[in-house]
Amino acid sequence: MALREIVQFPDPRLKEISQPVGEITEEIHQLVRDMCEAMYDEPGIGLAAPQVGEAIRLFVIDTEWSEEGGERCPQVMINPEFLHKEGKIVWEEGCLSVPDYTADVERASRVTIRAQDLDGKEIVEEAEGLRAVCLQHEFDHLEGKLFIDRISRLKRSLYVKKRKKQLAEEDEG
Ligand code: NI
């Protein structure tokens, strides 16, 4: 099966607020398999459903994996919500939907998240550092937010300009 295409900025679908997942059907299982495949292929350490054009509240993350033969252990978070956030951390973030760009973003340094797994079982996870950053970044996608919505207006407008130029060049090419 072909890889799912990653929706990229400025596609308006990235701004949608995603809907809660109801029953965890075979289609959801298949979607998660497709999302994992796309995430490892890029490679990325997280991917949210809206990034493959599905406006539903789930994402996959794997912050342990490294390209060099690391073991894959994707974690699926369905209908996630933060129970607690504390502290501050600044991390240089990137996103598969925001090509060729990274920027420092400030987030909570420790979080507690509650979600369901693919069996519908409740998961509660405490995370810090990169893992906490990644959980907040992916959660933002479900709220129609990108990391470039959390940087200064000036930096954002410079990126938007660069991206428009890039798209115009792709069109010509
Ligand atoms: Ni992202």
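Visitor: What makes helix α3 stand out in the negative patch?
Guide: Helix α3 (residues 153-172) gives the largest share, four residues. Helices are DSSP runs of H or I with at least four residues; strands are E runs with at least two; both are numbered from the N terminus. This is a predicted model: local features need pLDDT of at least 70, side-chain atom pairs count only at pLDDT 80 or more, and totals for chains, interfaces and linings use all residues. Side-chain values use heavy atoms, leaving out hydrogens and water, and residues are numbered from 1 along each chain as its sequence is written.

Visitor: Why is D34 called buried?
Guide: D34 has a relative accessible area of 5%, so D34 falls under the 20% limit. R4, at 24%, counts as partly exposed.

Visitor: What makes D34 and R4 a salt bridge?
Guide: A salt bridge needs a side-chain nitrogen of Lys or Arg within 4 Å of a carboxyl oxygen of Asp or Glu. The closest N and O atoms of D34 and R4 are 3.8 Å apart, so the pair qualifies. The two are 30 residues apart: D34 is in helix α1 (residues 26-41), R4 in the segment before α1.

Visitor: How do you know that R110 and E86 meet in a salt bridge?
Guide: The N to O distance is 3.6 Å, so R110 and E86 pass the same test. R110 lies in strand β6 (residues 110-116) and E86 in strand β3 (residues 75-86), so this pair ties together parts 24 residues apart in sequence.

Visitor: What makes C95, H137 and H141 donors of the nickel ion?
Guide: Donors are N, O and S atoms within 2.8 Å of the metal (3.2 Å for Na, K and Ca). C95 (SG), H137 (NE2) and H141 (NE2) lie at 2.1 to 2.3 Å, so they count. Water is not among the atoms, so sites may look incomplete.

Visitor: Why are H137 and H141 separated by about one helical turn?
Guide: Because they are four residues apart in helix α2 (residues 129-142).

Conventions: Buried < 20%, exposed > 50% of the residue type's maximum accessible area, 1.4 Å probe, protein only.
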